[in-house]
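User: I would like to work through this structure feature by feature. Please give the general idea where there is one, then the case at hand.

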Amino acid sequence: MALLDKDGVRLTVDDAVATVTLTNPAKRNAQSPALWRALTEAGRSLPGTVRVVVLRGEGRSFSAGLDRQAFTPEGFEGEPSFLDLARGSDEVLDSTIAAYQEAFTWWRRNDIVSVAAVQGHAIGAGFQLALACDLRVVADDVQFAMRETSLGLVPDLAGTQPLTSLVGYARALEICATGRFVHAEEAERIGLANLVVPADELDAAVKDLTTALVAPPRDAVIETKALLREAQSRSHDEQRAAERAAQARRLRDLAGLSD
């Protein structure tokens, strides 16, 4: 069932699994403010029954990044150009970028597990969108790159924190500062990819993973995800206390003693 299909984004739901598809393969799923608003709307439109969200791109590339039309004087029809935004106040610029970032932040909600199925190019905003998800299954032809610095910009779509968390500060800096490609074998070795498969097996591998993700009781997965997300920001003793509290909730729920 399609709940949304607009501006290069389609959201479909099949029971506990939702699929968000980038639908402009002719432009290698290049991104725009309208697409970001549609991604944000997709997140807000998820039924409460959804446990896993798969993000994929039609065609040969996942997403080649920001549509370069954004940097032209005319920009996108009906949108302020990036040049116009640069001339505006700090407050307007900050709030505009914050709105763009919303498209990249909801994927890590504790009540869902998000899986990016990535093939071909995942560049700049495309790389950051793949990083927005909890897990990444990639085809053996994948090419990740963070090209913002080559344009005189910085990665600003919420990708710097997950990239650093996955690969460490030094490697994240090197990847971002050089803008080089990270291919499938390296992506798996350094932790960017959970699994690498031949391109023609990508859909099947993602389906197998989603089946495994919805198998355990939902509340146990939610509690576990919450524990893991906060683990790096807590001390060892704080994390142990959080584990105890979470387990107490689960035991009471299993015993029928929860409120």
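User: Is the crossing of H5 and H6 left-handed or right-handed?

Analyst: A note first: this is a predicted model. The crossing of H5 and H6 is right-handed.

User: What else describes the packing of H5 and H6?

Analyst: In general, a pair of packed helices is described by the angle between the axes and the distance between them. Here helix H5 (residues 160–167) packs against helix H6 (residues 169–178) at an angle of about 125°, and their axes are 7 Å apart. On the H5 side, Leu 163, Thr 164 and Val 167 make the contact; H6 contributes Tyr 169, Arg 171, Ala 172 and Cys 176.

User: What is the strand order of the open sheet?

Analyst: The order is E1-E2-E3-E4-E5-E7-E10, seven strands with mixed pairing. Strand E1 (2–6) and strand E10 (195–197) are at the edges; each has a single partner strand, so one side of each is without a neighbour in the sheet. On average, neighbouring strands are turned by 15° against each other, direction ignored.

User: How many bridges join E5 to E7?

Analyst: Four bridges join strand E5 (residues 113–118) to strand E7 (residues 135–139), and the two run parallel. Val 115 is opposite Leu 135 in E7.

User: Which strands does H4 lie across?

Analyst: H4 lies across strand E3 (17–22), strand E4 (52–57), E5 and E7. Its direction is at about 145° to E5.

User: Which residues touch the most other members of the largest nonpolar core?

Analyst: They are Val 20, Leu 39, Trp 107, Phe 144 and Leu 192, out of 53 residues in that core. Helix H4 (residues 125–132) gives the most to this core, with six residues. A second, separate core has 13 residues, among them Ala 117, Ala 139, Ala 205 and Leu 213.

User: What is Phe 144 in contact with, leaving aside neighbours within four places in sequence?

Analyst: The contacts of Phe 144 include Val 118, Ala 122, Phe 127, Ala 130 and Val 138. Arg 180, Phe 181, Val 182, Ala 187 and Leu 192 are also in contact with Phe 144.

User: Does Ser 81 count as buried or exposed?

Analyst: Buried means under 20% relative accessible area. Ser 81 has 2% relative accessibility, so Ser 81 counts as buried. Ser 81 is in the loop between E4 and helix H2 (82–87). Not counting residues up to four places away in sequence, Ser 81 touches Ala 70, Thr 72, Pro 73, Glu 74 and Gly 75.

Key. Residues are numbered from 1 along each chain as its sequence is written. This is a predicted model: local features need pLDDT of at least 70, side-chain atom pairs count only at pLDDT 80 or more; totals for chains, interfaces and linings use all residues. Side-chain values use heavy atoms; hydrogens and water are left out. A nonpolar core is a set of buried Ala, Val, Leu, Ile, Met, Phe, Trp, Tyr and Cys residues joined through side-chain atoms within 4.5 Å. Buried means under 20% relative accessible area, exposed over 50%, partly exposed in between (1.4 Å probe, protein chains only). Contact means heavy atoms within 4.5 Å. Two strands pair if DSSP finds at least two bridges between them. Axes are lines fitted to C-alpha atoms, for helices over the stretch in contact, and angles run from 0 to 180 degrees between N-to-C directions. A crossing is left-handed if the near helix is turned anticlockwise from the far one by less than a right angle, and right-handed if clockwise.
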